[in-house]
Amino acid sequence: MNGVTMAVGQVRWHNKAFWRNPASAFFTFAFPLMFLVIFTSIFNDTTTLPSGLTVNLSTYYTASILCFSVMTACYTNVAISVTFLREEGVLKRVRGTPLPGWSYLLGKVLHSMVLMVILVVIVGAFGRIFYDISLPTRSLPAFIITLLVGAASFSALGLACCALTPNADAAPAVTNATLLPLLFISGVFVPVVNSPRWMQIVSGVFPVKHFLNAILESFIPPPGNQTGWRLGDLAIVLVWGVVGLAFATRTFRWEPER
């Protein structure tokens with residue numbers, strides 16, 4: 001049995017462990033919907049997308065919460081859960097079994113991508129039913145590829161964040177500190193229009209803004225780009241994923257610090 005096959009088998013194990021904690025599972029899926037309902041209730045106006053298209057904020061927030069869902073499932077979930085597994089000694093014990101360590105981690109990443117797919121379906125269906133959002137049709141291939149690139153890249157960055165986190169107690173703080181500010185200045189939570197120059201520069205360096213732009217373009221394609229591709233932003237997200245994976249490969253620890 002090769003390592004990839006073993007990794008796929010680990011997805012089932014991670015899935016069982018996930019659903020055995022119903023409170024955590026419930027809030028994993030409820031959290032993005034709560035943000036969607038709150039933001040669309042507070043803000044009732046229109047906004048202009050990076051493509052120049054003007055849309056209702058309910059449409060904008062459905063797309064931005066889809067973006068948030070990917071990062072929640074693939075960055076936050078991987079960074080925190082893998083850190084806890086390491087500090088509890090699970091990763092150390094896995095290294096002592098015939099299962100390759102990378103297969104175990106790949107299984108964890110694949111399970112996070114399964115959660116991402118479920119979240120995207122739930123948020124998209126919610127937006128369609130309650131806000132009459134038009135779902136992508138001609139731009140569906142670009143939307144799917146964008147989701148996959150984002151999921152893979154943010155999973156790799158989650159492993160890199162795990163490598164930077166010293167212990168389990170620090171995991172939520174480090175993970176949220178590296179993500180939440182970017183969610184605000186990149187426009188995920190609040191549409192950023194005519195932002196200060198420094199904010200544009202900072203947000204342009206990191207992958208959150210570029211992933212949001214790619215999601216918006218593929219979910220709400222403008223008249224001039226009905227296929228929904230935004231290859232420049234996707235390339236930046238992919239580069240961040242490769243850098244994160246390289247960093248995690250060199251610095252990842254399999255044993256607790258203490």
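To follow how two helices meet, start with the idea of an axis: a line fitted to the C-alpha atoms of a helix over the stretch in contact, with angles between axes running from 0 to 180 degrees between N-to-C directions. Two packed helices are described by the angle between their axes and the distance between the axes. Keep that in mind as you look at this predicted model.

Let's first take in the whole protein. It contains ten helices and two strands. If you read along the sequence, the pattern is α-α-β-β-α-α-α-α-α-α-α-α. The C-alpha atoms fill a box of roughly 55 × 40 × 30 Å along the principal axes. For 258 residues, a compact globule would have a radius of gyration near 18 Å, and the protein agrees because its own value is 18 Å. Of those 258 residues, 52% count as buried. Now consider contacts between residues at least 6 apart in sequence: 78% of them join residues at least 24 apart.

Helix H5 spans residues 101-131 and helix H6 spans residues 140-164. Their axes lie 10 Å apart, and the helices pack at an angle of about 135°. H5 and H6 are therefore oblique to each other, and their crossing is right-handed.

Which residues of H5 and H6 make the contact? From H5 come Leu105, Val109, Met113, Met116 and Val120. H6 contributes Phe143, Leu147, Leu148, Ala151, Ala152, Ser155 and Leu159. Sorted by class, the contact of H5 with H6 has eleven nonpolar residues, one polar residue and no charged ones.

How values were computed. Residues are numbered from 1 along each chain as its sequence is written. This is a predicted model: local features need pLDDT of at least 70, side-chain atom pairs count only at pLDDT 80 or more; totals for chains, interfaces and linings use all residues. Side-chain values use heavy atoms; hydrogens and water are left out. Helices (H or I, at least four residues) and strands (E, at least two) are DSSP runs, numbered from the N terminus. Angles under 35 degrees count as roughly parallel, over 145 as roughly antiparallel, 65 to 115 as roughly perpendicular and the rest as oblique. A crossing is left-handed if the near helix is turned anticlockwise from the far one by less than a right angle, and right-handed if clockwise. Contact means heavy atoms within 4.5 Å. Ala, Val, Leu, Ile, Met, Phe, Trp, Tyr, Cys and Pro count as nonpolar, Asp, Glu, Lys and Arg as charged, and the others, Gly among them, as polar. The radius of gyration is taken over C-alpha atoms; the globule rule is 2.2 Å times the number of residues to the power 0.38. Buried means under 20% relative accessible area, exposed over 50%, partly exposed in between (1.4 Å probe, protein chains only).
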